Amino acid sequence: MPRLTFAVLTGIQLLARVSAQTWCNKHYMANQSVVPPGGEFTIPAVSDVPLLAFRCAAAIKPYLEEDVGTPAGVLIDSPVVYSEIVGAQPIGLPAGPLSSAGQLDVTVSLNGKTLVNALVPLNASAYELPFSLDGITPQMTPYNLSCGATFLASNSTSSSSPQTYNASAALSVLPNPTNSSVTKMDLRTGALLVKPATGLGGEYEPIFPVGFYTTFDGYLSTNISAVGTLKQQGFNIIHIVPTFDNMTAFEMVLDRMQEVGMYLMYDMRFTYMNNTSVMEQVNSIKYRPNLLLWYTGDEPDGTSDPLNATSIAYDLIYSLDGYHPVSLVLNCQDYEWASYTAGTDIVMQDVYMIGNNVTWSNEWNTTCTPDYGDCGCDNCFSIPAGNSAAVSPNSTYYESVVPANSGVGSYFDISDRVSSFQNRLEVMGWERTKAVWTVPQAFGSAQYWTRTPTGEEWVVQSIMGINQGALGVVPWVDPNPEYIKVAASAFALSLPKFTSYIFGATSPRSNYVVGGVDIATWAAGFETLVLATNTDYVTSNVTWTDIGLSGAGVEVVYTSGSVNTTGNCFALGSVASAAFVVSST
């Protein structure tokens, strides 16, 4: 295995807010003027007429040479919308319900050869059309699929003018790797598909990544036994944070991770804009059997990195590897989101709203608004006025009466951030090809944050992201207090009990908010997974009918904090959380 000798990793100055004049392109120091940051995501215009957003994507990225001979698939999405999202075109619909308006006659072709032709309903989501990879030569560069659709209206006649729509998609069919792992993306669900991290063989299985950003220098570098401990605690990935001053110890850590079956999230935050360094690192690390994915920009929107920086790194990595996806994290609520997200497969969000004043900066003694300031939680909103139930007993801000704009952060900032990322992916036409992960806060008592989250609060953050569709949980940072690790471990050990519901391609998610309780449900056959978390610091009750269930046959598969169930409801204590499987038979 190649030995790592990244000279460029030494002597790097760590980027911090204090070293920049702006954060999220906003001024934040008391002696700076207010200058609107710009870079806001463009909200699509409303359309007066129905539009068809016809889209297609390969079901798996990448397919391999070994997959030739087994069924492949292309996914068709055909939402009818009244918003001018990317690629949406007018569609003339007959009177009556959409379900009886007609169908799409869809043809998918490659280099002029038809791969599949089929009828697809309107408003379809991930409608899979099978095709064969036979005759498609594996290569490192992706093919371009052409997808065409003709609307067959229920009232159309032979003299009717055809309504046609076109889209394209990348099809990656790679040669079998000779000495490295492969991480596939299942574009039906957003899940990553992997073989065991030990490199000893096995089948591809979906993974729900959960594991910390983990400090290398001064922690893992001198505590290799921590790798085995983290594995026993239920975590399946380690995101090792550079720099890596001791390369011998670094390789020993990676070897130990492989031995125990821990996946690697490889971080190039300080060097991703240095093409020479990226080439050296990718060519050295890509052979690791336990490599899960690459990581480039760490809050590039906060530091206002060049808008094409993440895309340049993304293209370079794919030219060198192609067998593993690329990730990054964005910190800003809305600054040049599309530009930075263009250069990733997985976009993460890191709302940190516990222990800081989200409207008045503890660091800079200035206000925080959409145009100015840095409170450690960009454009985060306060809990509603008067909502004392949402104030932690540990809060130093308010004990009883909560005014408007109190600065007490809301857990709903996390769900709003994840859902806004999901919505923007749909607007851009990226909802199939990119996924969203979440970064819970596992630190505090420094800088903007006057205290560290409790274990129960850590769980609330994680579930708030998952309930909006986040498919990975990577908290910042380890080492952290033992009580956070205990809570995170219990959560990680329980995840396998319910990830099959989350990744079930036929399990649509439904969302509910009952008082301060955030709930998501996934239906699969006669069973429904219920994932619920209480954002309040008082006990909250939810009836099963509140979320459309009878409550018969309830199995409790996970709890955090005080949880009780009765025949017609469940109760969650202060910032408590639970997962239930409810049978409808």
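Helices (H or I, at least four residues) and strands (E, at least two) in these legends are DSSP runs, numbered from the N terminus. The structure shown is a predicted model.

View A. Aspartate 478 and proline 479 are joined by a cis peptide bond, for which omega is about 15°. Proline 479 is placed in the loop that lies between strand E24 (476-478) and helix H8 (482-494). Most peptide bonds are trans.

**View B. Proline 62 and the largest cavity.** Proline 62 belongs to the loop between strand E3 (60-61) and strand E4 (63-64). Lys61 and Pro62 are both among the residues that line the largest cavity. The rest of this lining is made up of Thr183, Met185, Tyr318, Gly322, Tyr323, His324 and Pro325. About 30 Å³ of space lies inside the largest cavity, and the model has one cavity of 30 Å³ or more. By residue class, the lining of the largest cavity comprises five nonpolar, three polar and one charged.

View C. Most residues other than glycine have a negative phi. Valine 575, by contrast, has a positive phi, near 35°, and is located in the loop between E31 and E32. With a relative accessible area of 5%, valine 575 is buried, as the cut-off for this class is under 20%. Alanine 576 is found in this loop too, between strand E31 (569-572) and strand E32 (577-583). Its relative accessibility is 0%, so alanine 576 also counts as buried. The C-alpha atoms of alanine 576 and valine 563 are 6.8 Å apart in space, while the two residues are 13 apart in sequence.

**View D. Glutamine 447 in the loop between E23 and H7.** Glutamine 447 is a residue other than glycine with a positive phi, near 50°. The loop that holds glutamine 447 runs between E23 and helix H7 (455-466). Glutamine 447 has a relative accessible area of 56% and is therefore exposed, the cut-off being over 50%.

View E. With ring centres within 6.5 Å as the limit, the model contains 25 aromatic pairs. One of them joins phenylalanine 244 and phenylalanine 250, which are stacked at 4.2 Å centre to centre with 25° between the planes. Both phenylalanine 244 and phenylalanine 250 are buried. Phenylalanine 443 and tryptophan 449 form an edge-to-face pair, with 4.9 Å from centre to centre and 80° between the planes. Phenylalanine 443 is buried, as is tryptophan 449.

**View F. A ring cluster and charges placed over rings.** Phe212, Phe235, Trp458, Phe491 and Tyr558 are linked by ring pairs into a cluster. Lysine 485 lies over the face of phenylalanine 212, one of the members of this cluster, at 5.6 Å from the ring centre. In another instance, the charged end of lysine 434 sits over the ring of tyrosine 314, 5.8 Å from its centre.

**View G. The largest pocket and its lining.** The volume of the largest pocket is about 1100 Å³. It is lined by 38 residues, of which Ser125, Arg188, Glu426, Arg432 and Arg509 are the closest to its centre. Strand E6 (80-83), helix H6 (412-428), strand E23 (435-438) and strand E25 (509-514) contribute at least two lining residues each. H6 gives the most, with five residues. The lining of the largest pocket divides into 17 nonpolar, 13 polar and eight charged residues.

**View H. The setting of the close-ups in the whole chain.** The protein chain has nine helices and 32 strands. Its radius of gyration is 24 Å, close to the 25 Å given by the globule rule for 585 residues, so the chain is as compact as a globular protein of that length. The C-alpha trace spans about 75 × 60 × 55 Å along its principal axes. Of the 585 residues of the chain, 57% count as buried.

Methods: Residues are numbered from 1 along each chain as its sequence is written. This is a predicted model: local features need pLDDT of at least 70, side-chain atom pairs count only at pLDDT 80 or more; totals for chains, interfaces and linings use all residues. Side-chain values use heavy atoms; hydrogens and water are left out. Rings of Phe, Tyr and Trp (its six-membered ring) pair if their centres lie within 6.5 Å; planes under 30 degrees apart count as stacked, over 60 as edge-to-face and the rest as tilted. Buried means under 20% relative accessible area, exposed over 50%, partly exposed in between (1.4 Å probe, protein chains only). A charge sits over a ring if NZ of Lys or CZ of Arg is within 6 Å of the ring centre and within 35 degrees of the ring normal. On a 1 Å grid over the protein atoms alone, a cavity is a set of points where a 1.4 Å probe fits but cannot get out, and a pocket is an open set with protein on both sides within 12 Å along at least five of seven lines; lining residues have an atom within 4 Å of a point. Grid points are joined across faces, edges and corners, and a volume is the space filled by probe spheres set on the points. Ala, Val, Leu, Ile, Met, Phe, Trp, Tyr, Cys and Pro count as nonpolar, Asp, Glu, Lys and Arg as charged, and the others, Gly among them, as polar. The radius of gyration is taken over C-alpha atoms; the globule rule is 2.2 Å times the number of residues to the power 0.38.
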